[in-house]
Amino acid sequence: MEFKQFLEAVPPGKDEAVDGVWVEIRDRHGPMPVLNRVRPAFYCVTCQGERVHSLEDSSCVQPTYADMSVTTAVFVCSNCQVHRKVIPFLGPKYATKEPGVKLRKVGEYPPHGGETPSRVLTLLRPHHDLFTKGRRAENQGMGIGAFAYYRQVVEKSKDRLIDEIARVAHKLGADSSVLATFAQARAERQFVKAVGFIKDAIPPSLFIGSQNPLLLLHDALSRDIHSGTDESTLEVASAIRTVLVGLSARMGAALDDEAEMEAAVKSLLARQKDAR
Ligand SMILES: [Zn+2]
């Protein structure tokens with residue numbers, strides 16, 4: 001894995017073999033390894049979107065008797081020059097140009113995966129606190145904890161998730177037989193079973209990268225985590241969060257589009273009336 005990808009995609013608490021972490025520069029004392037000035041993209045709170053960030057500062061601590069180092073890298077948004085991302089990570093004791101060095105983030109601020117959009121919290125209300133706790137567990141590399149929180153929030157928000165998807169389907173003109181399947185799903189107690197009823201009723205505009213978000217959630221939540229490690233479960237937990245965030249964004253956009261369309265139609269009709 002390249003250093004840029006490690007910074008962008010790997011959550012704290014996960015070991016990765018990383019290439020190109022340090023590069024050699026020459027100063028008057030000879031060759032010296034420095035942190036590779038890659039330009040990762042992170043979510044910028046100020047610019048409200050993914051932006052390229054550049055390395056602003058870094059420092060390294062090498063405990064005398066330990067066989068490792070802690071590097072803290074600070075990145076600043078190249079667009080606004082205001083937003084900063086701080087990533088401390090463990091690595092080998094001495095900087096090296098060798099490929100495949102073992103790195104592990106010990107944290108990330110603001111949290112890994114970007115800020116939590118208010119839309120997803122609104123969608124999961126009143127259980128959104130479980131989602132926030134899941135984020136906290138995820139950011140500390142506690143995959144099993146994060147998974148448990150996310151599973152609970154999905155189970156507890158089942159009715160609301162179904163109602164909101166039904167609302168989008170209704171707005172987009174789904175017929176009554178399709179809408180009836182949402183009522184069937186609502187009567188089912190478990191989320192995973194409820195998905196069976198509505199997997200084909202979900203509007204394609206809510207798909208995430210051509211994938212049905214309900215099936216993605218279904219697969220992730222059906223995983224047997226009893227034998228899983230924190231590391232392996234962390235990936236599943238991150239996937240659940242990504243789908244919930246993506247789904248809430250698409251639902252919001254679908255409803256906004258519809259509201260905009262309605263307003264446009266209304267104003268057109270009003271103008272026609274005036275013209276008459
Ligand atoms: Zn910015």
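Colleague: Which residue in strand 3 stands opposite aspartate 27?

Modeller: Glycine 30. This is a predicted model, in which local features need pLDDT of at least 70 and side-chain atom pairs count only at pLDDT 80 or more, while totals for chains, interfaces and linings use all residues. Residues are numbered from 1 along each chain as its sequence is written.

Colleague: What makes strand 2 and strand 3 a pair?

Modeller: Two strands pair if DSSP finds at least two bridges between them. Strand 2 (residues 22–27) and strand 3 (residues 30–35) have six bridges, in the antiparallel sense, so they meet that definition. A hairpin of two residues links them.

Colleague: How many helices and strands are there, and what counts as one?

Modeller: There are nine helices and eight strands.

Colleague: Why is arginine 151 called buried?

Modeller: A residue is buried if 20 or more other C-beta atoms, placed from the backbone, lie within 10 Å of its own, exposed if 12 or fewer do, and partly exposed in between. Arginine 151 has 22, so it is buried. The residue is in helix 4 (residues 143–156), and its C-alpha atom is 9.3 Å from that of glycine 134, 17 residues apart along the chain.

Colleague: What covers the buried residues of helix 4?

Modeller: The cover includes helix 3 (128–139), helix 5 (158–171) and helix 9 (230–275). Among the residues buried in helix 4 are Ala146, Phe147 and Tyr150.

Colleague: What makes a set of residues a nonpolar core?

Modeller: The members must be buried Ala, Val, Leu, Ile, Met, Phe, Trp, Tyr or Cys residues joined through C-beta atoms within 7 Å. The largest such core has 41 residues, and those with the most contacts inside it include Ala146, Tyr150 and Ile240. Helix 9 gives the largest share of this core, nine residues. Apart from this core lies another of 17 residues, Phe6 and Leu103 among them.

Colleague: Which residues does isoleucine 240 touch, and what counts as a contact?

Modeller: Two residues are in contact if their C-beta atoms, placed from the backbone, lie within 7 Å. Leaving out residues up to four places away in sequence, isoleucine 240 touches Tyr150, Leu217 and Ala220.

Colleague: Where do the domain bounds fall, and what do they rest on?

Modeller: Domain 1 is 3–105 and domain 2 is 118–262; such bounds come from an automatic or database domain assignment. The domain centres, taken over C-alpha atoms, are 33 Å apart. Four residues of domain 1 contact eight residues of domain 2.

Terms used:
Helices (H or I, at least four residues) and strands (E, at least two) are DSSP runs, numbered from the N terminus.
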